[in-house]
Amino acid sequence: MELPLNRHSEPERLPPLSDEEQRQSDALARVIVDEIERAGGIIEFSRYMESVLYAPGLGYYASGRQKFGEAGDFVTAPELGNLFARCMARQAVEILDRLGGGSILEVGAGSGALAADLLVEMGRLGALPDRYLILETSAILQASQRETLSRQGVLVTQRVDWLRTWPAGFRGLVVANELLDALPVQRFCVAANGVRLLGVRWDGGRFHETTFDAADPRLSERLATFELPLGYISEWHPQAHAWVRSVADMMDAGVVLVIDYGFPAHEFYHRDRNRGTLMCHYRHRAHDDPYIRVGVQDITAHVDFSACASAGREAGLEVLGYTQQAAFLLSLGLAQLADQEVPESVVDRVTFAQQLKILMHPSEMGELFKVIALGKGVAPPLAGFQLSDHRGRL
Ligand SMILES: C[S@@+](CC[C@H](N)C(=O)[O-])C[C@H]1O[C@@H](n2cnc3c(N)ncnc32)[C@H](O)[C@@H]1O
């Protein structure tokens, strides 16, 4: 079936799709339209987001398109250089030392840059983890992680393993950098008849958002404290909360560090943020229409760190620290590491300065990105939170 996709409503500043991207996007749109028809004309937004990002072979993370770095759609901290990983290594060493040893489990490892640089730095510090485990849903990205680790010579020398599912009785450090923002979210709208989930319809030319079932009563209860006006739209992250519970269930002792963009609940559900936090990324251009370029642009939502903390506490984890990325990296010695670095060429110096700026500047990742540590059998304080710890704001 050929779909008469309406391509005239795209933001003009987006670069055009290649023929191959267009074919992939059309094929995925057909799969989603079929699902909408089978479901009787509407599917819930989180189901739409799940397909757009993860449909086998066609979803954003399941296809071979370059996603990370300059030639991709967005840049993450480990992709900028090794400073983020070198700081993280110091936090990892402290945690594994307090536990008397243990492993690292990275969930959603992207290109493998963090794994490679973390292992190199921990080797340099003479404090390698027992094993470095990776839980990654995308087969294509697993392959690129293997390649990155082999290129750095890490794969042959370290105990790196890819898991299909959560391990049991885990002891050590779990790291998730920009994972939770990539998990499908529910979208909701405050309506006269209560909080309604948003669903997605196909009108023959385009996907459309529309109100759907009543939301989970737990969401309505949670939102009641924020006194939101009619028409207010935002997101809710049951999959992220379930993810935190899974970590708690499989962990005997250790710490999970979640690093991502987001806010505590009172900022997340601020009255003025009345269109939510959903963002799409294509070739370093950001916009807010998730219904175009399906499968070839990233869709993300910010993280509600208060909800993460509550999910963790309910599952038996203690909140060990919460701060902004800039403060976390400074606490772990970023300034000293940067001082020791002597880039040789002018180009290297510019790249290095750019890395520092993006990691630290308040208008880049420095303030918007937060770090939360949840743990079991490890007491605060942790080194990464010694300069600032805002647990009280959650
Ligand atoms: C935005 S990318 C971040 C990648 C990397 N951590 C970084 O900072 O560059 C999200 C990653 O999470 C993976 N992912 C998404 N859902 C996942 C899940 N449920 N379990 C494991 N990995 C997942 C994606 O395939 C991708 O590797």
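# Asking how we know

Me: Where is R283 found?

Reply: R283 sits in the loop between β11 (279–282) and β12 (285–287). The model you are looking at is predicted.

Me: What makes the peptide bond from P380 to P381 cis?

Reply: Look at omega. For the bond from P380 to P381, omega is near 0°, and the bond is cis. P381 itself lies in the segment after β16 (369–376).

Me: Why are α4 and α5 called roughly parallel?

Reply: Take the angle first. The axes of α4 (residues 113–124) and α5 (residues 139–151) cross at roughly 30°. Angles under 35 degrees count as roughly parallel. Therefore α4 and α5 are roughly parallel to each other. The two axes come within 8 Å. Their crossing is right-handed.

Me: Which residues make the contact of α4 and α5?

Reply: A113, A115 and A116 come from α4. Q145, T148 and L149 come from α5.

Me: Which residues of α3 and α4 make the contact?

Reply: α3 brings A85, R86, M88, A89, A92 and V93. α4 brings L114, D117, L118, E121 and M122. Arg, Asp and Glu count as charged. By class, the contact has 8 nonpolar, no polar and 3 charged residues.

Me: What do we know of the crossing of α8 and α10?

Reply: The axes of α8 (residues 238–250) and α10 (residues 305–314) come within 9 Å. They cross at roughly 35°. α8 passes α10 in a right-handed crossing. A240, H241, V244, R245 and A248 in α8 meet A307, C308, A311 and G312 in α10. That contact has 6 nonpolar, 2 polar and 1 charged residues.

Me: How many residues surround the ligand, and which are the closest?

Reply: 19 residues surround the ligand. The closest are T76, G108, G110, S138 and N177. The shell holds 10 nonpolar, 6 polar and 3 charged residues.

Me: How do you know where to read the model with care?

Reply: Check pLDDT, which runs from 0 to 100. The protein chain averages 94, and 97% of the residues score at least 70. Over residues 1–8, pLDDT stays under 50. The model has 12 contacts beyond four places in sequence for residues 1–8. Where pLDDT is low, predicted coordinates should not be read in detail.

Key
Residues are numbered from 1 along each chain as its sequence is written. This is a predicted model: local features need pLDDT of at least 70, side-chain atom pairs count only at pLDDT 80 or more; totals for chains, interfaces and linings use all residues. A residue is near a molecule or strand if its C-beta atom, placed from the backbone, lies within 6 Å of it. pLDDT is the predictor's confidence in each residue, from 0 to 100. Two residues are in contact if their C-beta atoms, placed from the backbone, lie within 7 Å. Axes are lines fitted to C-alpha atoms, for helices over the stretch in contact, and angles run from 0 to 180 degrees between N-to-C directions. Helices (H or I, at least four residues) and strands (E, at least two) are DSSP runs, numbered from the N terminus. Angles under 35 degrees count as roughly parallel, over 145 as roughly antiparallel, 65 to 115 as roughly perpendicular and the rest as oblique. A crossing is left-handed if the near helix is turned anticlockwise from the far one by less than a right angle, and right-handed if clockwise.
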